[in-house]
Amino acid sequence: MEKIIEVKNLHVSFKTHNGTVKAIRGVDFDLYKGETLAIVGESGSGKSVTTKVLMGILAKNGIIDEGEVLYNGKDLTKLSKKEMVAIRGKEIAMIFQDPMTSLNPTMTIGYQISESLIEHQDLDKKTARLKAIELIELVGIIEPEKRYRQYPHQLSGGMRQRIVIAIALACNPKILIADEPTTALDVTIQAQILELIKELQIKIGLSIIFITHDLGVVANVADRIAVMYAGKIVEYGDSAEVFYEPKHPYTWGLLASVPDMDDQDNELYSIHGAPPNLLYPPKGDAFSARSEYALNIDLEEQPPFFKISDTHYAATWLLHEDAPKIEMPQSLLKRIEEMKKGALNHGK
Amino acid sequence: MLRYIGKRLLISIVTMFVILSLLFLLLEFMPGSPFNDEKLNEQQKELLYEKYGLNKPIHERFFIYTTNILKGDFGVSYTIEKNAPVSRMLETRMPISIRLGLQALVFGSLIGVVLASIAAVYKNSKWDTMTTIFAVIGISIPSYVFALGLSYFLGYKLTLAGYPIFPMTYNLYRPIQSSILPTVALSMFVIATVARFMRTELVEVLGSDYIMLAEAKGLTAKKVIFRHSIRNALIPVVTVLGPLTVGLMTGSLVIERIFGIPGIGDLLVTAISVNDFNVVIAISFFYSLFYIIMALFIDVIYGVIDPRIRVDKGGE
C-alpha cells in the first residue's frame, strides 16, 4: 500500500514557565492511502500535539526539536507559513473535539463552509454557495438551504459536528484528521457521526487519522491502531492484532479499563497512578512506574520496538528474549475471548 | 423585532417620566433659590417668584413644566442669561459637546482596537507590554492632565515656535482644527479602556476552537484575525462603550474649561452653582435621554454583532 504520510522520529517540546515539557519524544508512524489509523492514548499522551504538527497549527510556544513529517515528498515541518496555508484545509483537513465551540458563533453556517471553497478553489460566491449546499446535504442534513442561512446556535451538537465535517471536506482533502470528533456527543449521535465518517471515507477515498481515548470508538473505525503513552508510541499494529493480541502492559491496562456490560460483579479496572511529568521525562520506560510487570531494565533504558508480526510492534522489554515470559492477566484474556466471540456473532 | 423595539420605547418613556419627576423633586429640596441676590428684598423676590410662577404648588408647577417640555419648551434661564429660553442656550452648546464627544469616541475606539489587536496577536511581546503600560496610564491619569499637557506643548509652544497648527483654545470659526487637541485629550481614556477590554477578549477568542478551525481551513493569519476574531471580541467592548459615550457626549467640564469650549459640561456646573434650575433640569434630562437611547442602540448593535442575542424567531 502507498504511504501518504510518514512521520519520522518526531520530537516536540513546549517552553513553559516551569521549564521545557517534552511532549513528543520520538514518534514514528506511517499513514497509508485510504486507511484509518487510530491514535489512542490518555490525555497528555501527545496524540493531539502530533496532529497539530501535521496541520502546522502548533501553539506558539511549541518547538519541533527533531524529526520530519513527509507528505508528497515534502517535509511539512520545514514549510514556510505561506506554503503550509496552501496545504491546510486543501490537502489535510481537521475536525475537532467539541462541535459546540468549533464554529464561529457570529457567522452563518453557509459562510463558514463557502469561505474555504472561495479560499482554496477560487470559486465565485454563487458557485461556492451551491457547492456548500451540496456539502451540507452530503453530510446528511436535511433542508440544506435553510441551514445554509442559519447560525451555529440554531443547530444541535450532532448537526454542528456534521457541519464541521462539511467544512473539512469542502476542498476534497486527501487526509482527514479527526481529533476526538465524537467525545463531546452523546452515544447515539456518536454512532451516527462515526457512520458518516466511514461512509464519506469510502465515497471520497480519504485517509483518516483518528485520535481518541475511547477504545470502543476505535474498534468501530480503525484499520490500524497506534497506542501512545507519555509522548511515545508504545504499540502499533492492525486493529485486530492490538485488540486481540496486545503485548504492551499499557495496552493491557487500557483494554481492561473498558467497561464491560456483562460483568457487573467486579469493580471497573483502572490503571493506578498518573502519567509521568514530561518536564522531567523518565530515563527508562515511561510506563514502568505504573506497571506491575516492570523489570529492572525498565528503569534504566527505554525499550526498542520488538517485532511481533510484520505489522505488529510493541515497545516493552517484556518481549526481549531474556525477559521472563509474562502473559496478559487472565481476566483480560477472558474478556478478549468474549470480544472475539462477540465480533464473530456480530459478523453473522 | 418591531414589537421588541416598541416595548423598549414604552419603557423608555416611563423611565424618562420617572427621571423627570425625581429631578424636579430633588431640585425642590435643594437649599437656596435662583434669586439669592443680597440686593433684593423680600418683596422683590416675591415679585420674581410670581413672575416665573414659582409660588404655585409643586404639583401644578410640575404639570406645567412637563406639558411645556412636550412642546419643546424648557423654560427660561433665571440667572445665567436672564430670561433666555433654555432650549436656545442648549441649541448652540449641545452640538459642540456632542460633536467633540463623538470625535473622541470614534478616534479613541479605532486606536484602542488597533492597539488591542497588536497586543493580543503578539501576546507577551514588547508591544503587548507597551499597550498595557499605555492603558494603565490612560486610565489612571485624569484627562485634564493630558489636556493641559497638549495645550501647553502642542498649542502654546508650537505656536511660539512658529507652527500655529493647533490653536490653544476652541475657535468657533475653525471648529475642526481647534477641536483636535480636546478630542485627543478626551479620547485617552477611551483608548485605554477599549484597549484593555478588547485585548483580554481577543486573547480569549484567539485561543478558541473556532479560530483553530479557521486556521485548519487554511485561512491566512490576516483573514483569521480580521474576519473571525475582531468582531467577536468587540461584544464586551460595546458594553463599556455605551456609558462611556454618554459621558463623552454630555461634555467634560474640565476639558471644556481648559480649551474654552462653549459646551454643556461647562454650562451644567455653572447652572448648579447659581441655582439656575431650568438649565439644570434640562441638561440632566438630556443626559438621561442619551443614556436611554444609548442603551437601546447598544442592544441593537449587540444583535448586529452577535446573532445569538438577536431577538427574533431564533433557535428551534
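In this predicted model, 32 residues of chain A are in contact with 24 residues of chain B. The size of an interface is often given as the accessible area lost when the parts come together. Here chain A and chain B bury about 2,500 Å² between them, and 55% of that area is on carbon and sulfur atoms.

In a salt bridge between the two chains, the side chain of Glu115(A) meets that of Lys217(B), with 2.6 Å from N to O.

Which elements give two or more residues to the side of chain A that touches chain B? They are α1 (47-55), β6 (92-95), α3 (109-121), α5 (144-149) and α6 (157-169) of chain A. Of these, α3(A) gives the most, with 6 residues. By type, the residues on this side of chain A divide into 13 nonpolar, 11 polar and 8 charged.

Now turn to a sheet within chain A. Strands of a sheet pair through backbone hydrogen bonds, either parallel or antiparallel. In chain A, 4 strands form an open sheet in the order β2-β1-β4-β5, with antiparallel pairing. The edge strands are β2 (19-32) and β5 (74-75) of chain A, each of which pairs on one side only. Strand β1 (residues 3-16) of chain A pairs with β2(A) over 11 bridges. Val7(A) stands opposite Phe29(A), which is in β2(A).

Helix α1(A) links the two parts of this account. It gives residues to the side of chain A that touches chain B, and it lies across β1, β2 and β4 (62-71) of chain A, running at about 110° to β1(A).

Technical notes: Residues are numbered from 1 along each chain as its sequence is written. Chains are lettered from A and ligands numbered from 1 in the order in which they are written. This is a predicted model: local features need pLDDT of at least 70, side-chain atom pairs count only at pLDDT 80 or more; totals for chains, interfaces and linings use all residues. Side-chain values use heavy atoms; hydrogens and water are left out. Contact means heavy atoms within 4.5 Å. Buried area is the accessible area (1.4 Å probe) that two parts lose on being put together, summed over both. A salt bridge is a side-chain nitrogen of Lys or Arg within 4 Å of a carboxyl oxygen of Asp or Glu. Ala, Val, Leu, Ile, Met, Phe, Trp, Tyr, Cys and Pro count as nonpolar, Asp, Glu, Lys and Arg as charged, and the others, Gly among them, as polar. Two strands pair if DSSP finds at least two bridges between them. Axes are lines fitted to C-alpha atoms, for helices over the stretch in contact, and angles run from 0 to 180 degrees between N-to-C directions.
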